[in-house]
Amino acid sequence: MKILIKNGMVINPKTNLHDKRDILIEGGIISRIEACIHLEDDVEIMNASGLIVTPGFIDLHVHLREPGFEFKETIETGTLAAAKGGFTTVACMPNTKPALDSVETIANLIKRIEETAVISVLPIGAITENIQGEVLTDHEALIKAGAMAISDDGKTTMNDDFMRVAFENARKLDIPVITHSEDHVITSQYKEEVYPIEAEYKVVQRDVALCKEKNGILHVAHVSGSEALKAIKAAKQDGLNVTCEAAPHHFALNTSLIDGKDPYSKVNPPIRGVEEQRAVIEGIRSGLVDIIATDHAPHETASKETTYGNASYGISGIETAFQIAYTELVLKEKISLDQVVSMMTIKPAEIGRLKNVGSIEYGYKANLTLIDLEAESVIEPSTFLSKGKNTPFKGFKVKGEVIKTIYQGKTVYSKI
Ligand code: DOR
């Protein structure tokens, strides 16, 4: 069956397209993109007039919790939530139980993805066994088994020699080392209080230095402050292979807007003051921040309905990412919509070395997101498809709503 998407305003940053186009899908692949396509034969027509059509969003940083924490999220619920957020590809972090640290755990996960995911899920392999920082995993074997990158996620690898090996392998295998750059020797000393921002930038500075030494490939996850951004800027000026991401809660929130000790705002790295938030926004505006990634971290309600000290770190963010980016960055900050779309599509595809996604082009996968930019809503976590209802954005007024998400020609989310 052919599908014809008619009259949408197509925004495709890779080809600099921002204009009305019809898109024809055949066999899950984009086969024509033209100003006006008329077909006589058997075709399903989707009317996109009044909507924008973008490549399906790509999120290089999510926690799907399976295996081991299915009470927080599963691949099925996490990908349904992602589809509702307009995403057609997500990369999942290895902090599961067991961790994604062996060929066997990656193979088992891929089987579960094939059985239950509604969109594409790319596993990220662990740098060390059980992400404990003590024994290196076989990076090459993990990549051959299907991992798209390596990371020790929230348990930053503090052993410099292990990071050197990770960077050497990154270069050899042409994959990024994704770092959650925070010194957990520092962070673990703070339970009732928010830990200081040195925890972040000291590790970013170290990771940049080790990446340079080994001519590696570094992608810094969820940058939250000015000093970390300075180190990344210097690395880019130095010609290093270094990229970074910002999460919606770091560019949309600061501690004057929310209570930094509210369990629902508790996240790694923490939400900081307005100066750090401004640094992240200006980093996005200037292009220093390459992509938007959600760090979707679903948790069960009980782990947030407690004291700050006992609450889990993390925000369920995949269903609200575009709305927040559009409202905060495009409408308030006047950053172009094309730039925001680029940061959620082609740029993450490039960083992840993903083929045939992130762009609306002949022969590419028919992964598309249809959005109503005029739709206004109030964020209400009880409507989330994710098991994790943990968001500090409850009650926020936002604009821009995903109306339909198409994955390889199939509708995986539809508002109506
Ligand atoms: O707040 C966070 N929660 N940050 C992370 O990097 C990990 C995540 C989680 O797994 O819950």
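For the cartoon view, helices (H or I, at least four residues) and strands (E, at least two) are DSSP runs, numbered from the N terminus. On that basis, the protein chain has 12 helices and 15 strands. Bear in mind that this is a predicted model, where local features need pLDDT of at least 70 and side-chain atom pairs count only at pLDDT 80 or more, while totals for chains, interfaces and linings use all residues. Residues are numbered from 1 along each chain as its sequence is written, and side-chain values use heavy atoms, with hydrogens and water left out.

Zoom out and select the C-alpha trace: along its principal axes it spans about 65 × 45 × 45 Å. Next, colour by accessibility, with buried meaning under 20% relative accessible area, exposed over 50%, and partly exposed in between (1.4 Å probe, protein chains only). Of the 416 residues in the protein chain, 60% are buried.

Now select Lys 365. You'll land in the loop between helix H12 (346-351) and strand E13 (368-378).

Last stop, the contacts (heavy atoms within 4.5 Å). Leaving aside neighbours within four places in sequence, Lys 365 touches Gly 28, Ile 29, Ile 30, Asn 356, Val 357 and Gln 408.
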